[in-house]
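The following exercises concern the contact between two protein chains. Study the sequence and the structure, then work through each solution in order.

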Amino acid sequence: MKPRRRSGPRLLLYSHDGQSLGHLRRNLNIAGAVLERRPAAAVLLLAGVPGVPGVQLPAGADLVKLPSIRKVDTDRWQPASLGVDARRLNALRRDLIAATVRTYRPDLLLVDYLPAGMGGELAVIIDELAARGRTRLVLGLRDILRDPEVTLRSWRHNAVRGVLGKYQRVLVYGDRSVIDTAAVYGLEDLFDCPVEHTGYVGPAGPWPERAGARRDVGLDDGWTLALATAGGGAHAYPLLRLALAGFAVLPVGHRMRMHLLAGPLMDQVDYERLAANLVPGVRLERITDRLPTLMVAADVVLTGAAYNTLVESIGLGRPVLSMPRPGPSAEQTLRAGLFERLGLLRTIPADCSPAGLAELLLNVGSSPTPQVQPQLDGRARVASTLLEMLDDRRDDRAAAAVA
Amino acid sequence: MSQRLRVAMFTHDAYGVGHIRRATRIARALAAHDPAAAILLISGSPATRLFADLPPNADYVKIPTIVTSGVGDTRPPMLPIGLAGLAGMRAAMVRDTLEVFAPDVVLIDNFPLGTRFELLPALLTLRAMGTPVVLGLRDIVDPPERVRADWQRDGVYEVLDRYYDRIVVYGVPEILDAAEAYGLPPAVAAKVLYCGFVTEVPSAPPAAAPDVPGSGDLLATAGAGRDGLPLLDAFIRAMAELPGRRATVIGGESMSVDDRATLQAMCAAEPRITWLDDVPDLPARIAVAELVVAMAGYNTALEIVAAGTRAVLVPRTWRSGEHATRAGTRRTDGEQLLRAAWLARLGLVQMLHPAELSPGRLAAAVREALAAPRPEPGGGLALDGADRVARQLLGLARGDRDDAT
């Protein structure tokens, strides 16, 4: 029999969370998958989420929140709210991260998206962990980063370059048949470790059953629901405004309802402008605790092209009308384009008029059938890979003890 | 410029959300006096939603949660690494945060050493940095004999003497004289300052607010709801003896799934009762209610007094989170009982002793309270505690700066 540790492995999942909840949501999905498979594990999420998330933590997990930052533009950040200068905020986060790592002593560190963390805040601690050699170091990357050129330039930056070689595994939360992330970004050359595509990482489910979900949102037979949502909502206003305007000009006798989900990060002025322009049949909410119900009940999802909502909508087989966020990087435009080419969504043209949107809403049923069904079981794959890496290390130790 | 003041606050994680609401109220009062001040709140509380009430220029750090009592699904998620491990993590994180943030003043809430001595490293560091440290105590921390025993055991008296510059009490000496009740030595007693109650005084006149639902009805709340079952159950049954009355019953965000299901089903059977899982605007609802039935937690009790709403308080006398296992078996006179008894002596509320809690007794107490005139809003109590605490903190912060230049 294998020798058993008194307690389970300790994982630390970092996300910088510059401007949305997406990174943290993905890490939460992974945390849940790890704990389902290894209930004795401890999973600590280290996040800088702006605003105030009402996150549901699975048993065995907890959250450390750093003072929040806000992205000004590419590679420039400032405190989201705390009245100190950027340098002190960076020092605060860096030291808080170091204190967390040194006292928690994780067996595995999974870093989301930024190899050296925001502003290089992870560089020192990753060096320290690599030198000590008892913590597995894993980098998780979504399918599309920023434009390859910008990404590579920021990674060649001194502070980051040294860190790249310390990682023992790179997990790409995407599917090679959609985009070969490793090839596009040249990851195999940059990193001195295996690079693995895991499939898209979505939520755990189970999703509610459709008839019940339709009942819960008050849909009568023969009526359809359009759901407009864009993650935290910081950039959702143009989409929701257009959705509302399009709905308002649907032909008389239509049998559609619309649900606008503004998100906790939408500017209050924008939110109130939406609220002031509501028409019958449209409901506006800032936050909801029944997003799964709404997604299941929906017949079409209007969204940006951010990772999580797209993965969820496509996983549910919902037709998607996507209005990719134009900046600050080309990430969303690239993803929307790729997914559209594969028949996974339809892009809303940049200059779309309310009438044009109404047209799109009415013709949702005639969307092309997808040419590729992307792998969406990344959540499970990531968890298995992380646990395998941890178990390997346990075997190493057992071997060392015998020798 | 760079001379913006920095204020740090440490708030413990204990059950309920009262301490966080007090902390955010003090933070808002600080910002009202000094809008440029940077305010950093440190807490392990899982109720992060409440930090939305922080003013501009403020942010929070959440450290791992450590809550050691409670039952079933009401216990917040904790990292399974043992209490000693958690306290060690928190000690280092709090100390390092304060060292880098380098505040001009620090406010620590209610527990001078935090959980398991976790604040000791931070207190040593702050002393070395010459940072003024203030302890904020609830009007009644706990039953005095328990406070004295805990503080004796943990060496708190020495800690207060050495590491704390001031002790602000969120109350008045008439409800409890801290120096006497907790047996403070003279040097420590000299640091005590009563600031009045930290609460919210409703800005709109409570009488005419027809847009707030529940206006003119009875309202039953048990705060965050973790141990609200006995009271809310009795109230729902008492409604049978209160014909012609309508009521709203609020479960609270921390109520267990089982308790919620039980109470919700009871409410569904009585058309005069509206059940709500939770509300974001409890003070406003308290203000427009005809009468409130509640326990006697600090915030709810003071919000009732501030609004001048009639109330029947049934103080909790078991320890927080333990109603499912301990209620009725291991009762000690609690902080809530002292508070409710004092407010009742002032004629601001009716108190029903929890040992006497039954639907019939509760209905009778409600009828009696309804027959009496509505109390004066504020009840003549000092309710500007947040403002006075803020001024104390800013004074200490500026004083320190003046000394340094």
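**Exercise 1.** State how much area is buried between chain A and chain B, and what share carbon and sulfur atoms give.

*Solution.* Step 1: buried area is the accessible area (1.4 Å probe) that two parts lose on being put together, summed over both. Step 2: for chain A and chain B this area is about 2,600 Å². Step 3: carbon and sulfur atoms give 65% of that area.

The model is predicted: local features need pLDDT of at least 70, side-chain atom pairs count only at pLDDT 80 or more, and totals for chains, interfaces and linings use all residues. Residues are numbered from 1 along each chain as its sequence is written, chains are lettered from A in the order in which they are written, and side-chain values use heavy atoms, without hydrogens and water.

**Exercise 2.** Determine how many residues of each chain are in contact.

*Solution.* Step 1: contact means heavy atoms within 4.5 Å. Step 2: under this rule, 33 residues of chain A meet 32 residues of chain B.

**Exercise 3.** Count the salt bridges between chain A and chain B, and describe the one that involves B:Lys62.

*Solution.* Step 1: a salt bridge places a side-chain nitrogen of Lys or Arg within 4 Å of a carboxyl oxygen of Asp or Glu. Step 2: the count between the chains is 2. Step 3: B:Lys62 pairs with A:Asp62, at 2.9 Å from N to O.

**Exercise 4.** Which element of chain A gives the most residues to the side that touches chain B?

*Solution.* Step 1: helices (H or I, at least four residues) and strands (E, at least two) are DSSP runs, numbered from the N terminus. Step 2: strand E2 (42–47), strand E3 (61–65) and helix H2 (86–104) of chain A each supply at least two residues of that side. Step 3: H2(A) gives the most, with 9 residues.
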